[in-house]
Amino acid sequence: MSTPMENIVLHVADVHKSFAGLHALSDIDLSVREGETHAIIGPNGAGKSTLLNVCIGRLAPDSGHVVFDGQNLTGRAPHEINQLGVVRVFQTPEIFPDLTLLENVMVPILAKRDGSFHLALFRRFSSEKAAREEAESILADLGLGPLRASLATSLSRGDKRRLELAMGLSQHPRLLLLDEPTAGMARHDTNATIDLLKKIKERGMTKVIIEHDMHVVFSLADRISVLAGGRIICQGTPEEVKNDPRVKEAYLGEEQV
Amino acid sequence: MTNSSSKTSLNNFLLMLLVTGVVLAAPIIFEPFGAGYPDLLQRFAIFGIFAVGFNILFGLTGYLSFGHAAFLGVGSYTAVWSFKLLTMNVVPAIFFSVLLTGLFALIIGYISLRRSGIYFSILTLAFAQMSYNLAYSVLTPITNGETGLQLSLQDPRILDAKNIAGGLPNTNFFGYTMNQTNTYEFFGTAYQFNVGYYVCGVVLILMFYIAMRIFQSPFGMMLKAIKSNQTRMKYTGFDTRPYLIWAFVISGMYAGLAGALLSITDPLAGAERMQWTASGEVVLMTILGGVGTMIGPVLGAALIKYLENIFSAINTGELTRMLSWVPEGMQDFAVSTVGLFVGDGWHLTLGLMFMIVVVFLPGGIMEGVRRIARLFSRRKAGPVEPPRATNIATAGEGGA
């Protein structure tokens with residue numbers, strides 16, 4: 001299936017998913033290699049978000065399976081998939097609005113350290129020094145340092161997305177799934193996010209990105225899969241995808257690349 | 001960092017000092033309000049424990065249980081059975097009550113926590129009403145139904161010496177009987193110091209401390225995060241169910257402990273303790289005082305029990321005397337109108353008070369306290385500039 005050089009981290013094999021007769025995904029085969037940034041693009045309604053939801057166990061596929069690092073993810077609970085090292089950053093920011101920024105980042109750090117359930121009744125949360133220092137440095141990395149003591153609900157939408165990214169990164173995931181990480185961001189913030197994601201890439205984190213913004217895709221992706229009508233119509237490097245006639249027809253024709 | 005955690009320790013110390021001081025000096029503090037007598041003080045402490053425990057579930061996770069009175073009842077029955085079968089000493093009674101209530105809460109919690117929101121509330125309510133009906137009729141051999149479970153001279157009490165002649169024995173803590181009250185006089189006022197109250201009071205201090213530690217523990221933080229965004233918790237790698245079940249069991253055990261203390265101060269357990277009105281009362285106490293705050297539930301419990309004591313004691317004769325200033329023709333009307341809100345109708349007052357608090361002060365008494373405190377600090381310090389994001393250069397400097 002793969003040459004020894006390519007270390008496949010995530011393998012989506014023959015996945016089908018339909019909603020009330022509508023084929024949202026058919027015959028999906030997708031391999032993500034260790035350390036690469038794999039972008040999934042496609043027009044609205046192509047099935048990108050459905051694919052991501054199947055990957056993290058939010059949706060069960062009708063047939064086929066998703067294998068992460070030799071483990072079948074199909075049918076597993078969301079927390080188990082997270083504990084395996086697959087972390088998702090949502091399109092609409094999913095944060096803890098009633099907690100401070102620092103707590104928002106410390107909670108995922110403790111999830112990674114202590115597992116899915118840990119009955120720590122008589123320790124003090126405020127004495128979790130290591131987790132606290134790590135959270136502080138991640139928040140500082142993302143420019144949220146001065147806000148660490150404020151409640152997350154008070155953030156602007158762009159800052160909430162950055163906070164969620166911080167929460168995802170704090171877990172040092174083996175695979176990071178990003179659902180339109182720059183949607184709704186101002187150009188300035190988009191560029192800052194691209195820089196940040198490039199920085200993560202240097203650390204060798206494997207990423208799958210769903211994105212509308214071609215500027216973002218071509219600045220980050222090592223490989224691209226193009227989804228249209230629930231099928232992968234093309235897969236390859238940015239150059240290959242850019243020049244593929246089918247892609248131009250289905251998608252890029254509308255956009256200036 | 002160390003700075004802020006030492007600040008928490010100082011705050012904790014001051015809070016515990018305050019609570020301990022007020023609880024220990026309660027017979028003196030509450031005497032001027034006409035609330036310094038043992039029976040009422042015991043209720044303050046017992047329902048304080050009940051509300052503090054309820055707040056661990058409701059305040060931290062946001063799961064609103066409408067069935068906690070069932071645990072209060074189980075605790076009460078267990079304690080009386082311990083008095084009947086084993087000994088009049090209160091320690092085994094407390095131990096078995098908390099243990100059995102914990103098991104009972106585990107079963108109810110395990111099933112009810114399959115759902116959240118309103119469905120969870122309805123499930124707990126259904127379980128509590130089932131328990132009430134079981135206690136009232138089906139389980140009469142255990143609960144003595146309508147009459148209520150009481151001590152009798154024929155009880156085995158296998159651990160107690162058999163030489164007590166005549167009359168029912170008293171509940172005791174290694175020889176100190178619960179109904180023993182010592183009256184001392186300071187500055188011309190008599191104060192009543194009751195052993196039963198001090199047992200309840202010391203347990204309240206202990207339970208308050210445990211609740212405070214739970215609130216500040218990583219476990220407590222996870223519960224807050226579940227309340228804030230449970231979906232996020234799952235995708236963050238947490239199995240939220242065991243967290244919720246533990247919170248439910250712990251708060252059930254608090255309720256069981258409160259039930260045991262009710263039996264300790266008055267060894268009689270009836271099914272009405274498990275009725276839904278009793279479950280509703282602890283919800284009111286918690287919300288009235290301030291959900292999710294440490295002190296709030298205790299304040300709410302004391303306030304409700306205090307007002308209940310005043311309002312339900314007023315009868316028509318007293319009311320007529322109090323309203324004697326009203327013009328002659330209006331007096332009957334005034335007495336009959338106000339009469340609806342006192343005596344047996346005191347729940348009407350409670351409902352009114354509850355509505356006013358929820359509408360104007362949704363955070364309860366504690367929100368009122370915070371608002372007043374903010375008013376004063378603002379006058380002193382002037383408006384505070386909120387910190388801003390995006391400036392990476394200033395990152396790392398101390399925040400608020």
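Mentor: Let's begin with pLDDT, which is the predictor's confidence in each residue, from 0 to 100. This is a predicted model, so local features need pLDDT of at least 70 and side-chain atom pairs count only at pLDDT 80 or more, while totals for chains, interfaces and linings use all residues. Residues are numbered from 1 along each chain as its sequence is written, and chains are lettered from A, with ligands numbered from 1, in the order in which they are written.

Trainee: Where in chain A is confidence lowest, and where is it highest?

Mentor: Helix H9 (residues 245-250) of chain A has the lowest mean, 76, and H3(A) the highest, 94. Helices (H or I, at least four residues) and strands (E, at least two) are DSSP runs, numbered from the N terminus. Chain A as a whole has a mean pLDDT of 86, with 95% of its residues at 70 or more. Over residues 1-5 of chain A, pLDDT stays under 50.

Trainee: How many helices and strands does chain A have?

Mentor: Chain A has 9 helices and 10 strands. Its C-alpha trace spans about 60 × 40 × 40 Å along the principal axes.

Trainee: How do I read the sheet?

Mentor: Two strands pair if DSSP finds at least two bridges between them. In chain A, 6 strands make an open sheet with mixed pairing, in the order S6-S7-S8-S3-S9-S10. Strand S6 (86-89) and strand S10 (231-236) of chain A are at the edges with a single partner strand each, so one side of each has no neighbour in the sheet. Look also at strand S9 (residues 223-228) of chain A: 5 bridges join it to S10(A), and the two run antiparallel. As an example, A:Ser225 has A:Gln235 in S10(A) as its bridge partner.

Trainee: Which residues of H1(A) are buried?

Mentor: A residue is buried if 20 or more other C-beta atoms lie within 10 Å of its own, exposed if 12 or fewer, and partly exposed in between, with C-beta atoms placed from the backbone. In H1(A) the buried ones are A:Lys48, A:Thr50, A:Leu51, A:Leu52, A:Asn53, A:Val54 and A:Cys55. That is 7 of the 8 residues of helix H1 (residues 48-55) of chain A, so the helix is largely enclosed by the rest of the structure. Over chain A, buried residues make up 47% of the 257 residues.

Trainee: What is phi of B:Asn144 near?

Mentor: Phi of B:Asn144 is near 60°, a positive value in a residue other than glycine. B:Asn144 sits in the loop between helix H7 (140-143) and strand S1 (149-150) of chain B.

Terms used. Two residues are in contact if their C-beta atoms, placed from the backbone, lie within 7 Å.
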